[in-house]
Amino acid sequence: MGTYFLKVLFAVLLCFSHTKLSILGLNSPSHTKCIERERQALLNFKHGLRDNFGMLSTWSDVENNRDCCTWKGIECDNETGHIHMLQLRGSDVRFLSGYNIGIFSLLELKNMEYLDLSYNAFGGSQIPQHMGSFKSLRYLNLSHSRFHGAISYELGNLSKLEYLDLSSNDLGGTIPSLLGKLTRLRYLDLSSNDLGGTIPSLLGKLARLRYLDLSYNYEINGEVPYQLGNLSQLRYLDLSDTSLSGTIPFQVGNLPILHTLRLVANYFEVIDLKWLSSLSSLTSLDLSHSPNLLSSPQWTQMIGDLIPNLRELRLADQSLSDDNVASLFSSHSNISSSLSILDLSENMLTSSIFQLLFNYSRNLQELYLSNNNIVLSSPQFPNFPSLVSLHLSYNNMTSLIFQEIFNFNTNLQELSLRNCSLTDGSFLATFASVKNFSSSLVTLDLSQNLLKSSVIFHWISNFTTNLHVLRLGENLIGGPFPDGFGKAMNSLEVLALDSNNLQGEIATSLGNICTLQVLSLSHNNLSGKISSFIQKISWCNGHIFESLQLSDNRFTGMLPNLSNFTALSMLDLSNNQLIGEIPKSIGLLYELRSLRLDGNYFEGEVNEFHLRNLTILSNLDLTDNSLFVKFETTWVPPFQLFNLGLGSCKLGPSFPNWLLNQRYLSFLDISDAGIDDFVPEWFWNKLQSISTINMSSNSLKGSIPNLPIKLIDDGETIITLRSNQFEGEIPAFLSQAYILDLSGNMFSNLNTFLCIKNTTTKFLFSLDLSNNQIKGQLPNCWKHLKDSLAYLDVSNNKLSGKIPQSMGTLLNLRGLVLRNNMITGGLPITLKNCTDLVILDVSKNLLSSPIPLWIGENLQQLKILSLRANQFFGSVPLHLCYLWQIHLLDLSSNNLSGRIPKCLGNFTAMMERETDTGEIVRGRKITLTSTYYDIYKLNVLLTWKGQEQVFLNPDIFLKSIDLSTNNFTGEIPREIGYLLGLVSLNLARNNLHGEIPSEFGNLTGLDFLDLSKNHFSGKIPSSLSKIDGLGVLNLSNNDLSGRIPREGHLQTFDASSFEGNLDLCGEPLSKSCPGDKTTTKPREQIVHGKDDNSVFYEALYMSLGIGFFVGFWGLLGPMLLWQPWRIVYLRFLNGLTDYIYL
């Protein structure tokens, strides 16, 4: 608050110093009209801007409006007519936008003293080099406007400048030393940018400087130049969240009237405490998160003794104890009476801190004690008579803290108890115990606790009559929403109940809260018709409702007319069960900034009529619906989106050219959108500002141009272009991404992408190039990725040659998949340096060598090892038994020989059964609200139930050993029978002999067992019948003998599981076992009825008799008994005889 006031004060003083200026163009009747060339300069400047909100509506060239001195935001000199002030400050909801705005158009305004372009959206624009041409400027504010690039050195030519604010942009480079020439400068704010380097010593020449803020520039480093000690007029200094180091004092003790000092999160060290005595005027001190500052035990005492007028003290995250805090309040310290704001969060304080502070500092108004070791074992709490705000989050409040003498004062307005282990029992208090604060409390945060029932609603309804903000999110509150709660809350403005277990329909009484503006019920189990819900909550407050968040529930039905929500800025109905079309009335929500309807069952068409009035829309997500998005090819959206999700909507077949107008996109998902087209070159230039892009599963064609562009330098850029038809070389600029998925395309060259000089690949974490047409050898230029690359997948390509030695420099590699290529040679020994490998899959290649010993010695984090379908030879090294975390071992289809090592039974991870074998639910890993950075899906090729299948994330549930199709000899180690977590075991097509171990009966989680085409002998162990989940059993083509056990689950298998064993007998084979008797029917069956044959013949004879009787008497009976039929029949016979003979 103090910082904001100081900024406003400087601006107001400068405005009043312009004695000849009019106010907002309202000049006296005798004023001189504006200069024509200046008027034309303003119109040229406007031409390069996008004015969606009418901020420049008065800037026109019509005949009756040619006096630019009357235009909004313009002030002129009444005598000369020259423009002195250009005030175009925007806001969160009304702003100008533009790309590479033409400030050079304003060069005609040579007399301009005041220029404010703050809080606008000029993404992509740089501060022009010729800014130094405005020689008369005294005030320049370009903050919060997304300028990027370096700070122009020409700003040093603005010799009259008194106020310079470039904060909250994307400015990089270093701080120009020429700013030290601005000797009249009083205010300098460069905070919240990407500036780096050292602080120029020439800033120490700004003798009039009162305000200096360089905070939140994380790359500013080095020591603070001692010359800053010359700034004797400095009142405000903020060097927080930089990488500054060195010792204090840095001549800071020479700043006698400094009242605010913030040194948060730096690396300063203290060598002398006496400099504090020079800061007698200091009223605000923030030394939080600076690990080296309070290393001296006298630090806190010196603060209390030497800074008598301190009103605000912040010492968060300094490992302070109760004793350290006690030393603040020595007997001769004045801090006890002056201090009103104290932040001691993230320390090691205990419950004793309350009584300590009560004894020494009763005038506290704001107290921050979050993230300490406070455990309230009794409900005692001292009374702080002036306390307005209390933060106790992330402590332990398991006792009945609201009972009896938990004595809040009558002034408390804000109480934060987030994540304090509170339960329903904590709120069984009587009215008398909390009546002191029942009328004063305005904000209550009880989120992230252990609340389960509606008790909390009753407590709040009874004891807090003036509550404006209530946060109960991330608890365990279940059941229906209590009906009486809405009737008691007459002043509630914000209600957050997200991430609970609320069920059923929302009570009608919620609509009685006519003050409600923000409602968050996301991530519950609420149900009912969405139209009914909207009707309940909107009857009295639709005109003030600002935010409605109902995502991840079970609301159904069609979306009703929402036009009465005239103030709505956020609407989130994602992941429900809504149907029907999206109503065009959504376009009447003029204040809407965020619209999320993704994850529903909407259908129909979305066109420009839905969106044409949403001029301030910044977030739009319609992903995972059955919508057709159809815009005219010439349509220009009236909004500028930051986030756009249209995945699974039908945009195609043409590429959406209306994206050309969207200059500030940060998130874009147009995957599975039916686009069958070439991507225009202008689109690839947008990747300079987009941090997440998903265009997968379309039919995008052509090559990607190799543009000299720079992606966002934040190490989090995600580019997913999989499953398209891109071809040609992979452009080098894509290597700047953090996650890059180009799988399922037709790319053909990898060397240019990785090995071109000056390629910036320092952030590349995951690279998926699988299922392309990449030819040639793997490039030998991996060293520059040694600190970043974690996942590499080039499977299913046409690669040949050997694996390069330089791949062993990828020290952070966790997944290496080279499956299904034509790679030759062996595994390079340098891969043993990749000790973090979790998956190594080189299956289906032409590798030929013994299995290296170093796999087991060095790669002990492996969960998946697949060497299948190569030409590895020799025996299995005992060192593989060191892979204690292995989940899947596949050595099948090689030329391996020798015995299977007994020590395979040491695979620790395979000894554990998985408790959850349900299907893995795979939703989108890239969404508007969250991105999973483990986006790469581990996958492996495995022979499963006789067929090759690719398993995704197999390390989660699938535990398998496959040694099939080799030349192994000897017996099966019984130790394998103790790998209780095994799901699949395949030893088929070897030369193994001996008996099948009875210990295999322990493998109750086994689903697939194949021991076929070996030389196993003896009987089939009956213990196999214990494996109830066995889906495939193949013991065929061995030398097994004896009767096939038919107990339990074994009786479900047919003859194919046992054929080819000449000495096996019994069901399901047709071969009887020796000693089996001929099957006869029991005697009692013959007594009570015939056998099967006798029953058959009896039925046959009976049918013949009945047939003869019916046929004979059905034809001859009527003729014998009824004369007319007999006469007709004889006439028929006579006629037939005559016909034949004649």
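Hi everyone, thanks for coming. A word on the ground rules: the model is predicted, so to speak of local features I need pLDDT of at least 70, side-chain atom pairs count only at pLDDT 80 or more, and totals for chains, interfaces and linings use all residues. Residues are numbered from 1 along each chain as its sequence is written, and side-chain values use heavy atoms, with hydrogens and water left out.

Let's begin with the whole chain. There are 17 helices and 67 strands; these are DSSP runs numbered from the N terminus, with helices being H or I of at least four residues and strands being E of at least two. Of the 1142 residues in the chain, 53% are buried. Buried here is under 20% relative accessible area, exposed is over 50%, and partly exposed is in between, using a 1.4 Å probe and protein chains only. As for contacts, meaning heavy atoms within 4.5 Å, 62% of those between residues at least 6 apart in sequence join residues at least 24 apart.

Which residues of α2 are buried? They are E38, R39, A41, L42, L43 and F45. And what do they pack against? The buried residues of α2 pack against β1 (74-76) and β2 (83-87).

Those two strands are worth a look. β1 and β2 run antiparallel and are joined by three bridges; I count two strands as paired if DSSP finds at least two bridges between them. I74 stands opposite L86 in β2. The hairpin of β1 and β2 has six residues between the strands, and there G81 takes a positive phi near 80 degrees. β2 is mostly covered, with four of its five residues buried. Three bridges also join β2 to strand β3 (residues 114-116), this time running parallel, and Q87 has D116 in β3 as its bridge partner.

On to the sheets. Seven strands make an open sheet in the order β24-β26-β28-β30-β32-β34-β36, with parallel pairing. At its edges are β24 (478-479) and β36 (626-629), each pairing on one side only. Let's step along part of it. β24 runs parallel to strand β26 (residues 501-504), with two bridges between them, and the bridge partner of G479 in β26 is L502. Two bridges likewise link β26 in parallel to strand β28 (residues 525-529), where Q503 has N525 as its partner. Further along, strand β30 (residues 554-558) and strand β32 (residues 577-580) run parallel and share three bridges, with T556 partnered by Q577 in β32.

One residue I'd like to point out is V469, in strand β23 (residues 469-471). Is V469 buried or exposed? It is buried, with a relative accessible area of 14%. Leaving aside neighbours within four places in sequence, V469 is in contact with V442, T443, L444, L492 and V494. V442 is 27 residues away from V469 in sequence, but their C-alphas are 6.3 Å apart in space.

There is also an open sheet of four strands, in the order β46-β48-β50-β52, with parallel pairing. Its edge strands are β46 (775-777) and β52 (846-847), each pairing on one side only. Three bridges join β46 to strand β48 (residues 798-802) in the parallel sense, and K775 stands opposite K798 in β48.

Last, the largest pocket, with a volume of about 1200 Å³. A pocket is an open set of points on a 1 Å grid over the protein atoms alone, where a 1.4 Å probe fits and protein lies on both sides within 12 Å along at least five of seven lines; lining residues have an atom within 4 Å of a point. The volume is the space filled by probe spheres set on those points, which are joined across faces, edges and corners. Which of the 33 lining residues are closest to the centre? H148, D170, Q688, S689 and I712. The elements giving two or more residues to the lining are β5 (148-150), β7 (170-172) and α12 (681-685), and β7 gives the largest share, three residues. By class, the lining has 12 nonpolar, 12 polar and nine charged residues. Nonpolar covers Ala, Val, Leu, Ile, Met, Phe, Trp, Tyr, Cys and Pro; charged covers Asp, Glu, Lys and Arg; the others, Gly among them, are polar.
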